Amino acid sequence: PQGCKVFSFKSPSAEELDHDLLWRCQRCLPERGRIGIFNRSYYEEVLVVRVHPELLAAQRLPAQPDGRELWQHRYADIRAFEAYLARQGYLILKFFLHVSRAEQKQRFLERIEVPEKNWKFSAADVAERANWDRYMEAYETMVRHTAAPHAPWHVVPADHKWFTRLVVAEAVCDALDALGLAFPKVDAARRRELAAARRALLAEKA
């Protein structure tokens with residue numbers, strides 16, 4: 001749709017690793033009056049990287065605090081960034097689509113067994129299931145430390161796609177309705193201009 005753009009963030013490139021953890025998402029922020037959808041985001045830096053801390057080596061960071069302090073710093077940076085965005089007029093909605101382990105297994109099997117879905121399958125996704133509990137802990141901690149009135153998390157049960165889509169659509173529609181959007185008001189001078197244009201059009205010969 002016009003005015004809406006999707007950005008997908010995959011494994012960071014060499015250029016992205018040469019910048020701070022917010023850089024690649026910050027440069028994709030939508031202009032005023034537009035909607036930007038982030039498929040993954042800087043939250044990967046407190047999820048995948050937390051489950052696989054060996055990835056930190058590729059980021060060439062300066063000396064970092066040990067243990068949980070590093071993640072607390074990242075949560076603080078994210079909170080500060082989103083507070084800044086809110087003050088600049090951004091409306092932020094964050095969705096965590098929570099698929100159960102059993103449903104994820106069924107979807108992976110379907111991708112293997114249905115030829116038309118083979119392209120979706122990745123053996124790496126199956127390997128990551130071994131880290132299920134660690135991911136769940138990382139998700140829970142992330143939501144707890146980064147939810148805010150100006151940047152709420154919506155944790156959506158996602159085993160049934162129709163229900164997931166309904167919940168997300170309703171949240172988006174409610175947020176848009178709350179903005180009180182309307183067409184720009186036309187002042188008296190503009191109405192006179194429109195009336196003159198109408199008269200000119202009607203006066204044209206067929």
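I take buried to mean under 20% relative accessible area, exposed over 50%, and partly exposed in between (1.4 Å probe, protein chains only). The model is predicted: I require pLDDT of at least 70 for local features and 80 or more for side-chain atom pairs, while totals for chains, interfaces and linings use all residues. Residues are numbered from 1 along each chain as its sequence is written, and side-chain values use heavy atoms, without hydrogens and water.

**Leu181.** I looked up Leu181 and found it in the loop between helix H8 (161-178) and helix H9 (188-203); helices (H or I, at least four residues) and strands (E, at least two) are DSSP runs, numbered from the N terminus. Leu181 counts as exposed because its relative accessibility is 63%.

**Helix H8.** I checked the length of H8: its 18 residues should span 26 Å at 1.5 Å a residue, and the end C-alpha atoms are 26 Å apart, which agrees. The expected span is 1.5 Å times one less than the number of residues. I then noted Thr164, Ala171 and Ala175 as buried in H8. Seen down the axis, the buried residues of H8 fall within an arc of 40°, so they line one face of the helix; the arc is that of the directions from the helix axis to the C-beta atoms. The face turned away from the buried side of H8 carries exposed Trp162, Arg165 and Asp177. Just after H8, I noted a positive phi of about 65° at Gly180.

**Ser41.** I located Ser41 in the loop between strand S2 (35-39) and helix H3 (48-51). Ser41 counts as buried because its relative accessibility is 11%.
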